[in-house]
Amino acid sequence: MPSSTTSVTAVVPAKINLALSVGPVRVDGFHELATVYQAVGLYDEVTVTRRNPGSGISMTVAGVEADAVPCDETNLAWQAARVVAAEADTDPDVHIHIVKRIPVAGGMAGGSADAAGALLACDILWRASLHRERMLELAAELGSDVPFLLHGGTAVGTSRGECITSAMARGAYHWVFALSDRGLSTPRVYAECDRLRTGAKVVEPVIPAGLMEALLVGDPKRVGAELANDLQPAAISIRPELDMVLEIGRDAGALGAVVSGSGPTCAFLVADDEAALDLAVSLSASGLCSGVARAEGPVAGARLTDS
């Protein structure tokens with residue numbers, strides 16, 4: 001259906017993994033996962049704008065580490081525009097502009113966030129009227145984390161992370177993130193995880209019962225004690241300084257400390273805004289991270305803006 005709309009903007013949060021259990025390698029090359037996601041208030045902004053018929057897709061990126069983001073068909077947002085165009089039976093004549101605030105290759109799913117934003121924005125731009133279930137199917141085809149960035153909140157992810165179920169969770173959580181100006185390749189971290197576990201029995205992944213109980217009652221102290229990531233030893237093996245960053249956070253009073261996803265971002269759960277500010281100062285003074293960010297979670301998934 002034709003539309004007079006010329007431009008649509010979506011904002012999409014970052015994610016962290018409160019728990020990430022990595023099981024054996026599957027026949028498709030992915031690892032079986034069980035994870036607890038939380039969406040946090042660091043946002044990328046994705047704007048899609050109509051182009052002249054036959055122009056195809058173009059892309060620009062601004063903001064944090066913009067130079068590290070590809071502006072071609074390898075970008076998940078570009079791929080998202082193509083799949084929505086196919087669903088809408090229209091030509092993908094659109095310009096995508098991304099403003100980056102989520103760290104690039106930082107273990108916080110910035111690329112997946114951009115894909116989720118492009119899916120949502122293109123659906124509106126082209127009036128594809130995709131049902132929620134179909135949107136999630138397309139998201140899963142694009143990447144394991146993309147469905148959660150549409151969903152938001154706190155949720156359990158299974159299979160390779162793309163099968164999402166809302167978690168029974170209460171409370172608001174204050175986070176501090178130690179950022180790195182050198183990203184980590186997710187495939188490299190998984191490969192290192194496999195290497196470190198060579199000869200060991202790799203069991204099916206499980207969600208920690210203690211974490212789910214802590215989320216149910218909304219107890220940040222208990223949640224902090226239950227943070228876990230099977231990829232953390234691999235990330236530290238590749239970047240030993242991450243262990244020191246985590247230790248600084250613990251010594252400064254963080255309720256919990258964990259490498260976010262495949263890293264190198266380190267996430268620290270703290271009690272309140274005052275504790276977040278104190279920890280941010282300590283991390284900045286350490287000289288071991290390129291920057292520090294603060295955010296609260298959980299927040300909603302991808303949403304449209306009025307701009």
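Student: Why does Arg26 count as partly exposed?

Tutor: This is a predicted model, in which local features need pLDDT of at least 70 and side-chain atom pairs count only at pLDDT 80 or more, while totals for chains, interfaces and linings use all residues. Residues are numbered from 1 along each chain as its sequence is written, and side-chain values use heavy atoms, with hydrogens and water left out.

Arg26 counts as partly exposed because its relative accessibility is 22%; buried means under 20% relative accessible area, exposed over 50%, and partly exposed in between (1.4 Å probe, protein chains only). Its side chain meets that of Glu32 in a salt bridge, with 3.3 Å from N to O, the term standing for a side-chain nitrogen of Lys or Arg within 4 Å of a carboxyl oxygen of Asp or Glu. Glu32 is likewise partly exposed, having a relative accessible area of 23%.

A search of the whole structure finds 10 salt bridges. In one of them Asp114 pairs with Lys100, the closest N and O atoms being 3.1 Å apart. Asp114 lies in helix H2 and Lys100 in strand S4 (residues 94-100), so the pair ties together parts that are 14 residues apart in sequence; helices (H or I, at least four residues) and strands (E, at least two) are DSSP runs, numbered from the N terminus. Both Asp114 and Lys100 are buried.

Another salt bridge joins the side chains of Glu241 and Arg182, at 2.9 Å from N to O. Since Glu241 lies in helix H9 (residues 241-251) and Arg182 in the loop between S7 and helix H5 (186-196), this pair ties together parts that are 59 residues apart in sequence. Glu241 counts as partly exposed at 22% relative accessibility, and Arg182 is partly exposed with a relative accessible area of 44%.

The nonpolar parts come next. The largest nonpolar core has 70 residues, and those with the most contacts inside it are Ile96, Leu119, Trp175 and Phe177; such a core is a set of buried Ala, Val, Leu, Ile, Met, Phe, Trp, Tyr and Cys residues joined through side-chain atoms within 4.5 Å. Helix H2 (residues 110-125) supplies the largest share of this core, 9 residues. Leaving aside neighbours within four places in sequence, Leu119 is in contact (heavy atoms within 4.5 Å) with residues that include Ala80, Val83, Met135, Leu138 and Leu150. A second, separate core of 28 residues includes Val189, Ala254, Leu283 and Cys289.

Helix H6 (residues 209-217) has Leu211, Ala214 and Leu215 as its buried residues. Seen down the axis of H6, these fall within an arc of 100°, so they line one face of the helix, the arc being that of the directions from the helix axis to the C-beta atoms. They pack against strand S1 (7-25), strand S2 (31-50), strand S5 (154-159), S7 and helix H7 (220-226), whereas Ala209 and Val217, on the other side of H6, are exposed. H6 is followed by Gly218, whose phi is positive, near 70°.
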